[in-house]
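Please read these notes with the structure open beside you. They go from strand pairing to the cores and then to one residue.

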Amino acid sequence: MGEVRRYDLIGPNLEHAANIDARRPKPVGLTVDQVESTGRRQEAREPVPVTAWVPHRVVYDEAQLIDAEAIAWTEGAVLIRWTPPHTTSPSHLWVYAAAVRRR
């Protein structure tokens, strides 16, 4: 008689997708405590065009230069907004002020 075999077609695909997602760079910003220690927050009346070095974590941290807008800041940190490639929604991240320059 023939033997019934079941093949797991979904499991390997999910594992492969998870591995690809794990290797996708993720931006790493300052913690709340780090931002609070940099001074009082000020809001921008209009977003300020900037470039910023933003750390990204893959297996290790790597800074990438991105075009963004500064929307708030303290004496030592800046809240930036940008839309990452291949996405439609903006990302927000606090970075140290020394990592940001006006465009």
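1. Two strands pair if DSSP finds at least two bridges between them. In this predicted model, β2 and β3 run antiparallel and are joined by twelve bridges. Three residues lie between β2 and β3, and the two strands form a hairpin. Within the pairing, Val48 stands opposite Ala70 in β3.

2. β3 also pairs with β4, in the antiparallel sense, over four bridges. This pair forms a hairpin too, with three residues between β3 and β4. Ala70 stands opposite Ile80 in β4.

3. Which residues have the most contacts inside the largest nonpolar core? They are Val50, Val54, Ile80 and Val100, in a core of 13 residues. β2, β3 (61-73), β4 (77-82) and β5 (91-96) each give two or more residues to this core. The largest share, four residues, comes from β2.

4. Val50 has a list of contacts beyond its neighbours within four places in sequence, among them Ala68, Ala70, Ile80 and Val100.

5. Pro47 is placed in strand β2 (residues 42-57). Is Pro47 partly exposed or buried? Pro47 counts as partly exposed because its relative accessibility is 36%, and buried would mean under 20%.

6. Apart from neighbours within four places in sequence, Pro47 contacts Glu69, Ala70, Ile71 and Arg81. Pro47 and Ala68 are 21 residues apart along the chain, and their C-alpha atoms are separated by 9.2 Å.

Methods
Residues numbered from 1 in each chain as written. Predicted model: local features only at pLDDT ≥ 70, side-chain atom pairs only at ≥ 80, totals over all residues. Heavy atoms only, no water. Buried < 20%, exposed > 50% of the residue type's maximum accessible area, 1.4 Å probe, protein only. Contact = heavy atoms within 4.5 Å. Core = buried A, V, L, I, M, F, W, Y, C linked by side-chain atoms within 4.5 Å.
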